[in-house]
Amino acid sequence: MNPRSVRAHNDVLAATIALLDEGGLPAATVDAISSRSGVSKATIYKHWPNRTAVAAEAFGRRMADAIPLPDTGNARDDLSEQVRRVSAFYAGRHGLVFAQLLAATVADPEAAPFFREFFLDGRRQAVAVLWDRAVSRGEVKASVSVDTAIDLLFGPLIFRLLSGHAPLSPPDADALASAALTGLLA
């Protein structure tokens, strides 16, 4: 991308982040993104098929910036801390935006690949760093795939967020991480 395209891309994402923060996915219309960013709607549509795709990429950037990876020196503490951080992120105002995005991408086949590429893949790659570190230190079962570990550790947070059946509190995040890391069988 040329520098002007990079600048426009970044301006669109920054405007979208601000709109998501202010009013969630409903506020992040292409008209509002264009107005806030100063980038034409035609240029926006050149890079994204619709507002949900733009929002998915912007939200992925927001979450990556908000949740740095811990490095405590051991797998249990690193993974538990990451579960706490993600839980706190979802428990706050960003949880509603995440739920809105997830629902929108289920119904929007054009936006779903953007959600996977710019949100989900980035978050999974970040946690894979923690898992790979733990495998190299011999602290976790190398036979367990990183994808399985991620689903076990973070899937319950998403289920709680979407169903509302239980809180996303720090003690609950700790209990989920502990159960996933220790196992459920006696």
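Predicted model: local features only at pLDDT ≥ 70, side-chain atom pairs only at ≥ 80, totals over all residues.
On a 1 Å grid laid over the protein atoms alone, a pocket is an open set of points with protein on both sides within 12 Å along at least five of seven lines, and its lining residues have an atom within 4 Å of a point. Residues are numbered from 1 along each chain as its sequence is written, and side-chain values use heavy atoms, with hydrogens and water left out.

The protein has nine helices and zero strands, where helices (H or I, at least four residues) and strands (E, at least two) are DSSP runs numbered from the N terminus. Of its 186 residues, 41% are buried, meaning that their relative accessible area is under 20% with a 1.4 Å probe and protein chains only.

The largest pocket holds about 500 Å³ of space. It is lined by 19 residues, and those closest to its centre are Leu152, Ala180, Leu181, Thr182 and Gly183. Helix 5 (75-91), helix 8 (146-163) and helix 9 (170-182) are the elements that each give two or more residues to this lining. By class, the lining of the largest pocket has 13 nonpolar, three polar and three charged residues, with Ala, Val, Leu, Ile, Met, Phe, Trp, Tyr, Cys and Pro counted as nonpolar, Asp, Glu, Lys and Arg as charged, and the others, Gly among them, as polar.

The second largest pocket has about 260 Å³ of space, and of its 17 lining residues, Tyr90, Leu120, Ile150, Phe154 and Ile158 lie nearest its centre. Helix 7 supplies the largest share of this lining, six residues.

The aromatic side chains can be followed next. The structure holds nine aromatic pairs, a pair being rings of Phe, Tyr or Trp (its six-membered ring) whose centres lie within 6.5 Å, stacked if the planes are under 30 degrees apart, edge-to-face if over 60 and tilted otherwise. Phe115 and Phe119 are stacked, because their ring centres are 5.1 Å apart and their planes stand at 25 degrees. These two residues are four apart in helix 7 (residues 112-136), so about one helical turn separates them. Phe115 is buried, with a relative accessible area of 6%, and Phe119 is buried at 2%.

Notes: Buried < 20%, exposed > 50% of the residue type's maximum accessible area, 1.4 Å probe, protein only. 1 Å grid on protein atoms, 1.4 Å probe; cavity = no way out; pocket = protein on both sides within 12 Å on 5 of 7 lines; lining within 4 Å. Points joined across faces, edges and corners; volume = space filled by probe spheres on them.
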